[in-house]
Amino acid sequence: MKIQGKMFIWLSVFILAMAIVYGLWSKEPAGTTALFLAFGLSIMIGYYLAFTAKRVDAMAQDNKEADVADEAGEVGFFAPHSWQPLSLAVGGAFAFLAVAMGWWLLYFSLPLLLIGLFGWVFEYYRGENQNQ
């Protein structure tokens with residue numbers, strides 16, 4: 001985490017320099033404000049990572065002699081298959097189509113959206129994948 005903290009702090013220094021240069025040359029307030037906000041966000045992330053790196057054990061990326069396999073392990077559980085995203089996609093398509101064609105189309109899209117949403121959230125609470 002030390003490396004990431006240093007990277008974000010150096011990125012924030014660069015963004016601050018570019019914000020000052022951009023603000024002086026362009027005299028455009030929207031872009032200058034956006035760059036100063038990006039500086040603020042990157043310095044917050046860099047400070048958090050540097051602050052947290054002191055309190056956690058050293059990770060593989062902090063060791064210059066480390067291999068890629070040193071941080072390898074279980075990434076997480078990913079669903080092998082699911083039909084719920086299809087329901088969400090069709091319901092979302094009908095919902096966005098309702099803006100263009102008429103709000104009456106929401107009566108058809110909301111049940112599809114709710115079925116897809118609840119089905120995806122509770123997918124592993126019933127059926128053949130219950131114990132995963």
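**Figure 1. Gln84 in helix H3 of the predicted model.** Gln84 is buried, because its relative accessible area is 19% and the cut-off for a buried residue is under 20%. The residue belongs to helix H3. Which residues does Gln84 touch, leaving aside those up to four places away in sequence? The contacts are Ile115, Gly116, Gly119 and Trp120.

**Figure 2. Gly92, a second residue of helix H3.** Helix H3 covers residues 84-101, and Gly92 lies in it. Is Gly92 buried or exposed? Its relative accessible area is 16%, so Gly92 is buried. The view also takes in Leu112, which is 20 residues from Gly92 in sequence. In space, the C-alpha atoms of Gly92 and Leu112 are 8.3 Å apart.

**Figure 3. Lys27 in the loop between helix H1 and helix H2.** Helix H1 spans residues 2-26 and helix H2 spans residues 29-53, with Lys27 in the loop between them. Lys27 is not a glycine, yet it has a positive phi of about 55°. Is this residue buried or exposed? Lys27 has a relative accessible area of 66%, and it therefore counts as exposed, the cut-off being over 50%.

**Figure 4. The aromatic pair of Trp104 and Phe108.** How many aromatic pairs does a search of the whole structure find? The search finds four, and one of them is shown here, with the ring centres of Trp104 and Phe108 6.2 Å apart. The planes of the two rings are at 90°, so the pair is edge-to-face. Trp104 has a relative accessible area of 47% and is partly exposed.

**Figure 5. The aromatic pair of Phe118 and Phe122.** This pair is stacked, with 5° between the planes of the two rings. From centre to centre the rings of Phe118 and Phe122 are 6.4 Å apart. Phe118 is partly exposed, with a relative accessible area of 47%. Phe122 is also partly exposed, at 41% relative accessibility. Which residues make up the aromatic cluster that includes this pair? Phe118, Phe122 and Tyr125 form one cluster.

**Figure 6. Arg55 and the ring of Phe51.** Where does the charged end of Arg55 sit? The charged end is over the ring of Phe51, at 3.9 Å from the centre of that ring.

How values were computed: Residues are numbered from 1 along each chain as its sequence is written. This is a predicted model: local features need pLDDT of at least 70, side-chain atom pairs count only at pLDDT 80 or more; totals for chains, interfaces and linings use all residues. Side-chain values use heavy atoms; hydrogens and water are left out. Helices (H or I, at least four residues) and strands (E, at least two) are DSSP runs, numbered from the N terminus. Buried means under 20% relative accessible area, exposed over 50%, partly exposed in between (1.4 Å probe, protein chains only). Contact means heavy atoms within 4.5 Å. Rings of Phe, Tyr and Trp (its six-membered ring) pair if their centres lie within 6.5 Å; planes under 30 degrees apart count as stacked, over 60 as edge-to-face and the rest as tilted. A charge sits over a ring if NZ of Lys or CZ of Arg is within 6 Å of the ring centre and within 35 degrees of the ring normal.
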